[in-house]
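The sequence and the coordinates come first.

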Amino acid sequence: MLKYFISILLLGFCLHAAAQDADESDEQRNAIIDSAHQVRLGFDVGKLLFNQLQNGKQKKTGYEIEFDYYHRKDMFFVLEGGWGNGSLNYSDLSYKSSNIFFRGGINKSLLPRLRQNDWDMAFIGLRYGVGFIDRSAADYSITDSTWGVVSGTFPATNLTAHWIELTGGVRVEIIKQVFLGWSVRGKFLLNGKKFTELPPYYIAGYGRGEKNSIFDFNIYLGYALRWDKKAKHIKQ
């Protein structure tokens with residue numbers, strides 16, 4: 001899985017580099033286009049729908065916010081964060097967990113901007129994520145043919161999860177300053193050994209606590225602010 005995502009990442013950068021080399025006027029074009037600045041705030045509306053579908057003995061809810069800033073040369077700095085919780089409620093095992101998380105990284109657009117007001121993008125990116133988890137005490141019971149029913153409690157604990165992500169997606173300006181887009185992510189837990197004994201059922205921002213690697217999907221609705229935008233034309 002990791003090799004697959006790394007291959008996609010390298011291919012995307014190679015294609016982007018080839019497109020840049022094909023046009024000798026790119027530096028001049030970028031100098032004009034990069035005089036405009038943008039910050040964008042997005043909310044994962046897909047999670048809102050998913051949260052409403054949760055019921056039964058396994059539940060998980062999450063909320064995610066995305067903030068990005070256009071730097072230059074089709075590069076965006078990204079900061080993401082959110083919160084959520086998960087729970088299991090079976091007769092032989094029940095507990096809850098909650099956490100907040102933060103992710104930071106970059107997005108590199110694969111579609112060079114052609115003018116100052118061209119903000120649509122298809123991108124690849126890299127993230128580092130960290131989640132701070134509170135897991136409640138867990139009540140359990142085990143039925144054994146010899147010893148009968150054995151029950152007990154795992155004490156509550158605090159955990160910290162670290163992971164990296166390879167991501168790709170699209171952002172489209174559907175009306176002025178309003179964006180809709182999606183992201184797909186491959187996530188890889190860096191400290192999985194910390195979660196071998198009763199891991200949280202769900203870690204907001206990452207996913208299932210017992211998985212060392214997972215896929216995830218986001219649908220973002222966002223709003224952008226722009227400033228210092230100069231009315232210049234690209235020289236032919």
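Helices here are DSSP runs of H or I with at least four residues, strands are runs of E with at least two, and both are numbered from the N terminus. By that rule, Val45 belongs to helix H3. The model is a predicted one.

**Overall make-up**

The protein chain contains three helices and twelve strands. Of its 236 residues, 43% are buried. Among contacts in the chain with a separation of 6 or more, 68% are between residues 24 or more positions apart. The accessible surface of the chain is about 13100 Å², and carbon and sulfur atoms account for 62% of that area.

**Nonpolar surface patch**

A nonpolar patch on the surface has about 870 Å² of accessible area together, and its residues are Val45, Leu48, Val172, Ile174, Ile175, Leu180, Trp182, Val184, Phe217, Ile219 and Leu221. Two or more of these residues come from each of helix H3 (45-52), S8, S9 and strand S12 (213-227). Val45 has a relative accessible area of 30% and therefore counts as partly exposed.

Val149 is a further nonpolar residue to look at. Its place is in strand S7 (residues 148-154). The relative accessibility of Val149 is 60%, so this residue counts as exposed. Leaving aside residues up to four places away in sequence, Val149 touches Ser141, Ile142 and Thr143.

In soluble globular proteins, nonpolar side chains tend to be buried together. In this model, the largest nonpolar core has 17 residues, and Ala161 and Phe195 have the most contacts inside it. Strand S4 (93-109), S8 and S10 each give two or more residues to this core. The largest share, three residues, is from S8. Beyond residues up to four places away in sequence, Ala161 touches Gly129, Val130, Gly131, Ile133, Leu189, Asn191, Phe195 and Ile203.

Another core, of eight residues, lies apart from that one and includes Tyr70, Phe76, Phe179 and Ala224. Phe179 is part of strand S9. With a relative accessibility of 1%, Phe179 is buried because the cut-off is under 20%. Not counting residues up to four places away in sequence, the contacts of Phe179 include Trp119, Val172, Tyr220, Leu221 and Ala224, as well as the charged residues Arg40, Arg171, Glu173 and Arg226. The C-alpha atom of Phe179 is 8.6 Å from that of Asp120, which is 59 residues away along the chain.

**Loop residues**

Asn191 is in the loop between strand S9 (178-189) and strand S10 (202-203). Its relative accessibility is 16%, so Asn191 counts as buried. A polar atom of the Asn191 side chain lies 2.8 Å from the backbone oxygen of Thr160. Apart from residues up to four places away in sequence, Asn191 touches Thr160, Ala161 and His162.

Most residues other than glycine have a negative phi. Two loop residues have positive values. Phi of Asp74 is near 65°, and Asp74 sits in the loop between strand S2 (58-70) and strand S3 (75-89). Gln177 has a phi of about 70° and is in the loop between strand S8 (157-175) and S9. Asp74 is buried, at 2% relative accessibility, and Gln177 is also buried, at 19%.

**Salt bridges**

The count of salt bridges is 15. Three of them are listed below.

| Pair | Closest N to O distance |
|---|---|
| Lys47 and Asp44 | 3.2 Å |

Lys187 is in strand S9 and Glu165 in strand S8, so their bridge ties together parts 22 residues apart in sequence.

Lys187 is buried with a relative accessible area of 0%, and Glu165 is buried at 0% relative accessibility.

A network of salt bridges links Asp44, Lys47, Glu64, Glu80, Arg103, Arg127, Glu165, Arg185, Lys187 and Asp216.

Terms used. Residues are numbered from 1 along each chain as its sequence is written. This is a predicted model: local features need pLDDT of at least 70, side-chain atom pairs count only at pLDDT 80 or more; totals for chains, interfaces and linings use all residues. Side-chain values use heavy atoms; hydrogens and water are left out. Buried means under 20% relative accessible area, exposed over 50%, partly exposed in between (1.4 Å probe, protein chains only). A polar contact is a pair of N or O atoms within 3.5 Å; within protein, one must be able to donate a hydrogen and the other to accept it, and residues adjacent in sequence count only if both atoms are side-chain atoms. Contact means heavy atoms within 4.5 Å. Accessible areas come from the Shrake-Rupley method with a 1.4 Å probe; for residues, only the protein chains shown count as cover. Patches are made of residues with over 30% relative accessible area and no salt bridge: like charges are joined within 9 Å, nonpolar side chains (Val, Leu, Ile, Met, Phe, Trp, Tyr) within 5 Å. A salt bridge is a side-chain nitrogen of Lys or Arg within 4 Å of a carboxyl oxygen of Asp or Glu. A nonpolar core is a set of buried Ala, Val, Leu, Ile, Met, Phe, Trp, Tyr and Cys residues joined through side-chain atoms within 4.5 Å.
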